[in-house]
Every structure is written in C-alpha cells, then in structure tokens.
Amino acid sequence: MAGVNKNIVILISGSGSNMAAIVESSVKQGWQARFNARVSAVISNKAGAQGLAWAEEQGIATRALAHTRFASREAFDAALMTEIDRFEPVLVVLAGFMRILTPGFVQHYEGRLVNIHPSLLPAFTGLNTHQRAIDMGCRFAGATVHRVTSELDHGDILDQAVVPVLPDDTAETLAARVLTQEHVIYPRAVERLLAAG
Ligand code: GRF
C-alpha cells in the first residue's frame, strides 16, 4: 500500500507481553501491507525492562528513558514526548506503562493515545485490580482497552474481555487468566483503529 508510513510507538515498563502480542499480530496479520503500519519504536521508563531486549531482537528501535533522572513529572513527560515525536506516530500505545501522565502529554496525543487496563472498566480503576475484584466477590473480571483522557483509566472503551473468577483464585492466578485475554483484545483493538484510518 502506497502512502504515508503509519508508525506505532509502544510504551512499556516491564515484561512487555502486551507489546509483544501487538508486534506479533502486526507481522502475522500483515499490518504493513494492509495499512502501511508498523511498530516503529518501543520506549520504556525502565532501562532493564525485559520487553526492551525482546523488541530489539525483532529489529525495532528501542529507547530507555529513566523517569528517576528527571526533577518533575512535567520534565519527564516533555523528554518522553520528544522521543516519541521523532517517530511521528499515528498511535501511541500504553502497554503496562506504569506512569501517570501529565495533562499536557495526554492533550498532545489526543485521539492517538490508547491504554489497556486489567479490569472491566469503569470498575476498579487504579492499582491492585485483581485482588480488589476477588475481595469484592466478583464472579467475573477482565480487561479493557480504552482511549486515554486526563482522568486516570477513563476514556472511551474500545474493547473488553471477560474471564471468570474461580473460587480458589489468587491475584496472581486471576492476573494470568486476564493477561491471556489482554493479548487477544489489545492487538485486535489496534488493528481496528488502523482499519478505521
Ligand atoms: C497488564 O496486565 C496491563 O493490563 C497492566 O500491566 C500489565 C502489563 O503486562 N497495565 P505486560 O508488561 O504487557 O506483560
């Protein structure tokens, strides 16, 4: 497909399994040929993030930008924006990026910024979602892909997946079950955004 390259930049903090699922889908489903789109860069706020090494092995540009080196949230976000904007992305994908973003950052990428959250939003925004779902006696849990607004874990819902909460679940077993579904819905949501242009 001719036309402008559609670059996707993914931000991670840790293992990057959602990032890897998106990269693998992009290859298997031919996003390059179908949408002229590719994952062009993976950026982490932690130098040792496991996902960075994996992305590098796939030939993707990687950057580590340690937030601890910056005096303020605003200064970090400004530096992060500079790194991201080198790739002129059509989409900035937060995949286990464990930072609260400043309103300036969110505004800058308005309409291009998506996140995955490990709960059925609007339930359980914030942290420890799996333990909180178990403690509340929820029969079902899940994950949500949503657009990012300056309010934490809000914004239009793009996709969701539901899993059962089993009687002997711990936060870890539930998290693992939810994560398998995250790997299905996140690539699917990104693909739909690309298809929608
Ligand atoms: C996922 O559960 C995601 O929903 C949450 O952090 C976890 C990141 O996992 N925000 P990974 O780095 O994609 O493996």
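**Close-up views of a predicted model**

Phe-70 is partly exposed, with a relative accessible area of 21%. This is a predicted model, in which local features need pLDDT of at least 70, side-chain atom pairs count only at pLDDT 80 or more, and totals for chains, interfaces and linings use all residues. Residues are numbered from 1 along each chain as its sequence is written, and side-chain values use heavy atoms, with hydrogens and water left out.

**View A. The aromatic pairs.** A search of the whole structure finds 2 aromatic pairs. Phe-70 and Phe-76 form an edge-to-face pair, 5.6 Å centre to centre with 65° between the planes. Phe-76 is buried, with a relative accessible area of 1%. Phe-105 and Tyr-109 form a tilted pair, at 4.9 Å centre to centre and 55° between the planes. Both Phe-105 and Tyr-109 are buried. (Rings of Phe, Tyr and Trp, the last by its six-membered ring, pair if their centres lie within 6.5 Å; planes under 30 degrees apart count as stacked, over 60 as edge-to-face and the rest as tilted. Buried means under 20% relative accessible area, exposed over 50%, and partly exposed in between, with a 1.4 Å probe and protein chains only.)

View B. His-117 is found in strand β5, residues 113–117. (Helices, H or I of at least four residues, and strands, E of at least two, are DSSP runs numbered from the N terminus.) His-117 is buried, with a relative accessible area of 4%. A polar atom of its side chain lies 2.7 Å from the backbone oxygen of Phe-124. The side chain of His-117 also makes a polar contact with the side chain of Asp-153, at 3.4 Å. (A polar contact is a pair of N or O atoms within 3.5 Å; within protein, one must be able to donate a hydrogen and the other to accept it, and residues adjacent in sequence count only if both atoms are side-chain atoms.) Leaving aside neighbours within four places in sequence, His-117 is in contact with residues including Thr-125, Gly-126, Thr-129 and His-146. (Contact means heavy atoms within 4.5 Å.)

**View C. The largest pocket.** The largest pocket has a volume of about 940 Å³. Of its 39 lining residues, the closest to its centre are Gly-96, Phe-97, Met-98, Ile-116 and Pro-118. α1 (17–28), β5, α6 (129–135) and α7 (171–195) each supply at least two residues of the lining. α7 gives the most, with 4 residues. By class, the lining has 17 nonpolar, 18 polar and 4 charged residues. (A pocket is found on a 1 Å grid over the protein atoms alone: an open set of points where a 1.4 Å probe fits, with protein on both sides within 12 Å along at least five of seven lines; lining residues have an atom within 4 Å of a point. Grid points are joined across faces, edges and corners, and a volume is the space filled by probe spheres set on the points. Ala, Val, Leu, Ile, Met, Phe, Trp, Tyr, Cys and Pro count as nonpolar, Asp, Glu, Lys and Arg as charged, and the others, Gly among them, as polar.)

**View D. The second largest pocket.** The second largest pocket has a volume of about 150 Å³. Among its lining residues are Val-23, Ser-26, Arg-38 and Ile-60. α1 and β2 (37–44) each supply at least two residues of this lining.

**View E. Ala-64 in strand β3.** Ala-64 lies in strand β3, residues 61–64. Ala-64 is partly exposed, with a relative accessible area of 41%. Ala-64 and Ser-44 are 20 residues apart in sequence and 4.9 Å apart in space, C-alpha to C-alpha.
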